[in-house]
Amino acid sequence: MWTNKQQSFSAWRLRRPIALGLGVVCLVATGCGPSQTLVTGTVTLDGQPLDQAGLEFHGSGTGGFTGHAFTDANGQYRAKVAAGPLVVVIRATKVVGTQKEPDIPGGTPEPIVEQFLPARYSDRLKTELGVTPVEGRVVTADFALNSDVK
């Protein structure tokens, strides 16, 4: 015969995984991680919108990755990132040729791409770009990039 104390303990043992699962869901739903905010803007290169550029946002103190985005045909982007000072890295590639895989007879030529933005924009350790999103606000950050003079 089970006593009330044993039944209560046994019932808790069965319900514990459910309670823990609900606790995790609540933490995730309410945002237990760093607060996120929205950064929007336009990226141009030599005055022209930069299509399909990739933006990365890294914490300026830690260097930790906090978000990313890609530009559209108008050079516009939207990214959810952590609030606080961020370093911005922008990378863009262009097709410079094609190449067939030597081991695949009759294979389709694959594009060869090359990163073409200067390191002052595309290298995380050398970038000159930054933004400081504020929690709860939409921040606009436009980046007017210039090509290296050759």
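**Entry 1: the chain as a whole**

I counted two helices and eleven strands in the chain. From the N terminus on, I wrote the order down as α-β-β-β-β-β-β-β-β-α-β-β-β. The chain has 150 residues, and 29% of them count as buried. For contacts with a separation of 6 or more, 63% are between residues 24 or more positions apart.

**Entry 2: confidence**

I checked the pLDDT next. Its mean over the chain is 81, and 75% of the residues reach 70 or more. Over residues 6-14 the pLDDT stays under 50, and the model gives this stretch three contacts beyond four places in sequence. Residues 19-31 are also below 50, with two contacts beyond near neighbours in sequence. Where pLDDT is low, the predicted coordinates should not be read in detail. I left both stretches alone after that.

**Entry 3: strand 6 and its partners**

I then went to strand 6, where five of the six residues are buried. Strand 3 and strand 6 run antiparallel and are joined by six bridges. Within this pairing I found Glu-56 opposite Val-89 of strand 6. Strand 6 also pairs with strand 9, again in the antiparallel sense, over three bridges.

**Entry 4: Arg-91**

I looked for what its side chain meets. There is a polar contact of 2.6 Å with the side chain of Glu-56. A polar atom of the Arg-91 side chain also lies 3.2 Å from the backbone oxygen of Ser-122. Leaving aside neighbours within four places in sequence, the residues in contact with Arg-91 are Ala-53, Gly-54, Glu-56, Gln-115, Leu-117 and Ser-122. I also noted Gln-52, which is 39 residues from Arg-91 in sequence and 9.1 Å away in space, C-alpha to C-alpha.

**Entry 5: Thr-127**

Why does Thr-127 count as buried? Thr-127 sits in the loop between helix 2 (119-122) and strand 9 (129-131). Its relative accessibility is 15%, and buried means under 20%, so Thr-127 counts as buried. A polar atom of the Thr-127 side chain lies 3.1 Å from the backbone nitrogen of Leu-129. Not counting residues up to four places away in sequence, I found that Thr-127 touches Val-87, Val-88, Val-89, Ala-119, Arg-120 and Tyr-121.

**Entry 6: the largest nonpolar core**

Which residues touch the most other members of the largest nonpolar core? They are Phe-57, Tyr-77, Ile-90, Phe-143 and Leu-145, out of 23 residues in this core. The elements giving two or more residues to this core are strand 1 (36-45), strand 3 (54-59), strand 5 (76-82), strand 6, strand 9 and strand 11 (143-145). In soluble globular proteins, nonpolar side chains tend to be buried together. I followed Leu-145 further. Beyond its neighbours within four places in sequence, Leu-145 is in contact with residues including Val-43, Leu-45, Leu-50, Ile-90, Leu-117, Tyr-121 and Leu-129.

Definitions and conventions. Residues are numbered from 1 along each chain as its sequence is written. This is a predicted model: local features need pLDDT of at least 70, side-chain atom pairs count only at pLDDT 80 or more; totals for chains, interfaces and linings use all residues. Side-chain values use heavy atoms; hydrogens and water are left out. Helices (H or I, at least four residues) and strands (E, at least two) are DSSP runs, numbered from the N terminus. Buried means under 20% relative accessible area, exposed over 50%, partly exposed in between (1.4 Å probe, protein chains only). A polar contact is a pair of N or O atoms within 3.5 Å; within protein, one must be able to donate a hydrogen and the other to accept it, and residues adjacent in sequence count only if both atoms are side-chain atoms. Contact means heavy atoms within 4.5 Å. pLDDT is the predictor's confidence in each residue, from 0 to 100. A nonpolar core is a set of buried Ala, Val, Leu, Ile, Met, Phe, Trp, Tyr and Cys residues joined through side-chain atoms within 4.5 Å. Two strands pair if DSSP finds at least two bridges between them.
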